[in-house]
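Biologist: Please look closely at one part of this model for me. Keep the account connected, and spell out your cut-offs.

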Amino acid sequence: MLILILQTTGLTALIAGLLSLILVIAERYLADYGECKIDINGKRKEVVKGGSSLLATLNEKKIYLASACGGRGSCGFCKCLVLDGGGPLLPTEKPFLTTDEISQNIRLACQVKIKQDIKIQIPEAIFNIRKYKAVVEKIVDFTYDIKELTFRLLEPATIDFKAGQYVQLHTRSYEKIKNPVSRAYSISSNPSQSNLLQLIIRRVPEGICTTWVHDYLKEGEEIEFTGPFGDFYIRETEADMLFIAGGSGKAPIKSMLEWLAENKSQRRMVYFFGARAVQDLYLTEYFHDFEKKLADFNYVPVLSQPLENDKWEGRTGYITQYLTEFVRDCANTEAYLCGSPAMINAMVKGLKECGIKDEKIYYDSF
Amino acid sequence: MKQTPDEKSIQQKMQPGNLTLKGFLGNDQRHYHEIIAEDLKKLSQLGITKEQVADKLQELTEMAYENFEGLAEPEPGISVEYISVRGKVLSPFSGQKPAHKGVIHYHDSIRNLSFCWTPLNIKMIRDYGFFEGKGSDNRLDPEIIYLAFFKD
């Protein structure tokens, strides 16, 4: 009896599996959705061949939504407002969307298949996002685990971005890494140098992209990246500016300060850089030089765990204990943060205790 | 072993070089189903559940997270440190949201126990009872977890 049940169950599973396979093959090779129209923001219309995902189809039209998983439905970054024609919400999308997002018809572009005309809405800034080819011009070791990469752009030959924004760097295959990945890194160069792009990348244990950058990528190689992305940029006000960064979080702040110096900003600024020990500091003289280039700027490195032979005479402890020295008017102070999630969490708490409001604290949450 | 397409995809994503450099299986040759089944059986023998383990790891993770650049000391002789880095890591299990990258180091100087875990480990343990394969850097052995957190 047991054998009969097992045989029947096994047979049922086999038939179900075969049917699924047939459906997948039929969907891929036989389903013909013909030409479909994508209406973007009610302004731009694209005629495309139906059958592919919205994300892949937009990519073909050189419209790039953020994605870290290559459209496999596992990162949840490619969110997009679908006004009409997106079909039903799929179970694969639900874990990545909040109830509010679902009620607003936000979808994952990689999971929405184009089978009919579709209306979508995306931020205008996305039209500025391009896929770039570049050559690695220079690789510099800043510390034992941080490198600076300089890329010379090939195609397109220039990039238009705001200081503070980021790009997604695409890896190539290496050793066991068969599927290339994309990872987000803040741009560290000045937007006015539009024919080159710099990144500051810290090695992450187990990191597929950072291992590639640190151990495999060489000067002279061609690479690809997509961008620019992000809402982390300088607000054009007269408010005092507080910059706080740790580790490779120096990248967007470098870009911002270079831009501010070039544009002769008169704003009052201080930059706290947090590190553990002297071995984690880099570009120290470079940032002290901004004290001469900018009207009112101070660079303040703070070490949390200096080593005995560091002979460190600067500030020690945590950045939060020094914030009140700088903040003279919390209603007129903006804070720009870049670092690990734990650092951001600690700094946001410290800034709020100083009286700086949430809406004046800016950071990228990746 | 018969596998659904989803199970096949999960097993594939757990291999080295797919979602992380070293993968989730270590040098364990077993299918992830077998790893889960054996670890859940061990938990049951020890009288604890995967949810209890996940709750304890979550509690320690939050404590360490709030002690940025320092050690949290939940009890005398025990220290927990959160090494936080930017970025998120994808889960091999379909439908799980990406987790923050980073690693939490636990050290018990009294029992002489040291191990580590990631925010993703907590999710995989809570939802699936997956403690990673033997030999994996972030493998959490149920017996060691029991000794560290639950044995009187």
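Modeller: Buried means under 20% relative accessible area, exposed means over 50%, and partly exposed lies in between (1.4 Å probe, protein chains only). D28(B) has a relative accessibility of 12%, so this residue counts as buried. R30(B) has a relative accessible area of 16%, so R30(B) is buried as well. These two residues form a salt bridge, with their closest N and O atoms 2.6 Å apart. The term needs a side-chain nitrogen of Lys or Arg within 4 Å of a carboxyl oxygen of Asp or Glu.

Some ground rules come next. This is a predicted model, where local features need pLDDT of at least 70, side-chain atom pairs count only at pLDDT 80 or more, and totals for chains, interfaces and linings use all residues. Residues are numbered from 1 along each chain as its sequence is written, chains are lettered from A and ligands numbered from 1 in the order written, and side-chain values use heavy atoms, without hydrogens or water.

The part I pick is the contact of chain B with chain A. Chain B contributes 27 residues and chain A 36 residues (contact: heavy atoms within 4.5 Å). The two chains bury about 3,000 Å² between them (accessible area lost on being put together, 1.4 Å probe, summed over both). Carbon and sulfur atoms account for 55% of that area. On the chain B side, F68(B), E69(B) and R86(B) supply 27% of the area buried against chain A, more than any other three residues.

Chain B and chain A share two salt bridges. E81(B) and R276(A) form a salt bridge, their closest N and O atoms lying 3.0 Å apart.

Which elements of chain B supply at least two residues each to the side that touches chain A? They are α3 (50-66), β2 (78-89) and β3 (99-108). Helices (H or I, at least four residues) and strands (E, at least two) are DSSP runs, numbered from the N terminus. Strand β2(B) gives the most, with seven residues.

S84(B) lies in that strand, β2 of chain B. The side chain of S84(B) reaches the backbone nitrogen of A342(A) at 3.1 Å. Beyond neighbours within four places in sequence, S84(B) is in contact with S340(A), P341(A) and A342(A). Its relative accessible area is 14%, so S84(B) is buried.

Next, the sheet that holds β2(B). Four strands of chain B form an open sheet in the order β1-β2-β3-β4, with antiparallel pairing. Strands pair if DSSP finds at least two bridges between them. The edge strands, each pairing on one side only, are β1 (72-75) and β4 (113-117). Neighbouring strands are turned by 25 degrees against each other on average, direction ignored. β1(B) and β2(B) pair over two bridges, in the antiparallel sense. Within this pairing, E75(B) stands opposite I78(B) in β2(B).

α3(B) lies across β1, β2, β3 and β4 of chain B, at about 85 degrees to β2(B). Such angles run from 0 to 180 degrees between N-to-C directions, with axes fitted to C-alpha atoms, for helices over the stretch in contact. Helix α4 (residues 119-128) of chain B lies across β2, β3 and β4, at about 90 degrees to β3(B).

Back to salt bridges, for context. In chain A, K131(A) and E224(A) meet in one at 3.8 Å, N to O. This pair links distant parts of the chain, 93 residues apart: K131(A) sits in strand β6 (residues 130-141) and E224(A) in strand β11 (residues 222-229). K131(A) is partly exposed at 40% relative accessibility, and E224(A) is partly exposed at 29%. K254(A) and E258(A) also form a salt bridge, at 3.0 Å, N to O. They are four residues apart in helix α5 (residues 250-262) of chain A, so about one helical turn separates them. Both K254(A) and E258(A) are buried.

How values were computed:
Polar contact = N/O pair within 3.5 Å; in protein donor to acceptor, adjacent residues only side chain to side chain.
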